[in-house]
Amino acid sequence: MMLDIESIHTATKELVMPFIKRDAAKTEDAYPGVPRAALVDTNQGAKSLFLGHLDVVPGAAIGTHIHPDSEEAMVIVDGELEAILGDETTTVKAGDTVLAPAGVKHGFVNRSAAQASLLAIFPKTEFQRVPVE
């Protein structure tokens, strides 16, 4: 099926792709000492993406958990964190990415003296989080 130029123009006018300012994003505590700002979710019009920005203060942790229904990519933006993925633990720093497949235990601990930040990315807008040891 071919679309004419007017149909394409009409379709693109209906799309709203907002600029999202970090300071305006809804923020809540994901864990003690770990505020999470929802940068992209259904509130911004996303249909199949979630992007959260988390700050992890020194000594704070993102407790180990799984997402039985989704994989998650976590990109370290600032600082250094101890990352747990499955049965492995390693140190990750700005520029590193952790990819947790669905159902695989993961979490972070900030053992440094500086704040760390990461982006949490899901390929869907709704997902389950189940705490695990």
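Asp 41 is buried yet forms no salt bridge. Lys 26 is the nearest side chain of opposite charge, at 6.8 Å, and a salt bridge requires a distance within 4 Å. The model is predicted. Asp 41 is also one of the residues closest to the centre of the largest pocket.

**Asp 41**
- Asp 41 sits in the loop that runs between β2 and β3 (50-56).
- Its side chain reaches the backbone nitrogen of Asn 43 at 2.9 Å.

**Largest pocket**
- At least two lining residues come from each of β1 (26-31) and β2 (34-40).
- Sorted by class, the pocket lining has 6 charged, 4 polar and 4 nonpolar residues.

**Largest cavity**
- The structure contains 1 cavity of 30 Å³ or more.
- About 90 Å³ of space lies in the largest cavity.
- There are 13 residues in the lining of the largest cavity, with Leu 54, Ile 62, Glu 72, Ala 120 and Arg 129 closest to its centre.
- Two or more lining residues come from each of β4 (61-66), β5 (72-78) and β10 (116-122).
- The largest contribution to this lining is that of β10, with 3 residues.
- By class, the cavity lining consists of 8 nonpolar, 3 charged and 2 polar residues.

Methods. Residues are numbered from 1 along each chain as its sequence is written. This is a predicted model: local features need pLDDT of at least 70, side-chain atom pairs count only at pLDDT 80 or more; totals for chains, interfaces and linings use all residues. Side-chain values use heavy atoms; hydrogens and water are left out. On a 1 Å grid over the protein atoms alone, a cavity is a set of points where a 1.4 Å probe fits but cannot get out, and a pocket is an open set with protein on both sides within 12 Å along at least five of seven lines; lining residues have an atom within 4 Å of a point. Helices (H or I, at least four residues) and strands (E, at least two) are DSSP runs, numbered from the N terminus. Ala, Val, Leu, Ile, Met, Phe, Trp, Tyr, Cys and Pro count as nonpolar, Asp, Glu, Lys and Arg as charged, and the others, Gly among them, as polar. Buried means under 20% relative accessible area, exposed over 50%, partly exposed in between (1.4 Å probe, protein chains only). Lys and Arg count as positive and Asp and Glu as negative; His and the chain ends are not counted. A polar contact is a pair of N or O atoms within 3.5 Å; within protein, one must be able to donate a hydrogen and the other to accept it, and residues adjacent in sequence count only if both atoms are side-chain atoms. Grid points are joined across faces, edges and corners, and a volume is the space filled by probe spheres set on the points.
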